[in-house]
Amino acid sequence: MSRPPDAPVFSAPWEAQTFALVVSLHDAGLFTWTEWADALGRSGHRTADYALWLETIEALLAARGLTDASALEARRAAFARAAAATPHGQPILLENDPGA
C-alpha cells in the first residue's frame, strides 16, 4: 500500500541552514540545549518559527560578545545588496555584494 509523501520538514533552504547553524553552534559549545530553550522561550507567546530561531541565535551570540548590533546590521545590508545583484533563480552569495 502506498502512502502520501511526507510534507517537507523545511519550507525553504534558509530554514534548514538555520537549523544546521543552531546544531553547529551547540556542538561548538556556544550554548547548552537548556540555554537555547530558555533563550527561545523568552519570545513569550510568539510562535517558534525559524525566523525566531535566527533572532535567538543573534541574541545569544551578542550576549556572549561574539557579535553586536552594528555587525549584524552590516551583514543584513550586505546580504540585501547581494540579493539585489543576484539574477533570479540563482543562489544569493555574499560574494555578489557590489558594496564589498
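The lining of the largest pocket comprises 10 nonpolar, two polar and three charged residues, where Ala, Val, Leu, Ile, Met, Phe, Trp, Tyr, Cys and Pro count as nonpolar, Asp, Glu, Lys and Arg as charged, and the others, Gly among them, as polar. The structure is a predicted model, in which local features need pLDDT of at least 70 and side-chain atom pairs count only at pLDDT 80 or more, whereas totals for chains, interfaces and linings use all residues. Residues are numbered from 1 along each chain as its sequence is written, and side-chain values use heavy atoms, with hydrogens and water left out.

The volume of the largest pocket is about 700 Å³. Of the 15 residues that line this pocket, L21, L54, E58, R75 and F79 are the closest to its centre. A pocket is an open set of points on a 1 Å grid over the protein atoms alone, where a 1.4 Å probe fits, with protein on both sides within 12 Å along at least five of seven lines; lining residues have an atom within 4 Å of a point. Volume denotes the space filled by probe spheres set on the points, which are joined across faces, edges and corners.

At least two lining residues are supplied by each of helix 1 (13-27), helix 3 (50-63) and helix 4 (69-85). The chain contains four helices and zero strands, assigned as DSSP runs (helices H or I, at least four residues; strands E, at least two) and numbered from the N terminus.

Of the 100 residues of the chain, 21% are buried, that is, under 20% relative accessible area with a 1.4 Å probe, protein chains only.

Key:
Buried means under 20% relative accessible area, exposed over 50%, partly exposed in between (1.4 Å probe, protein chains only).
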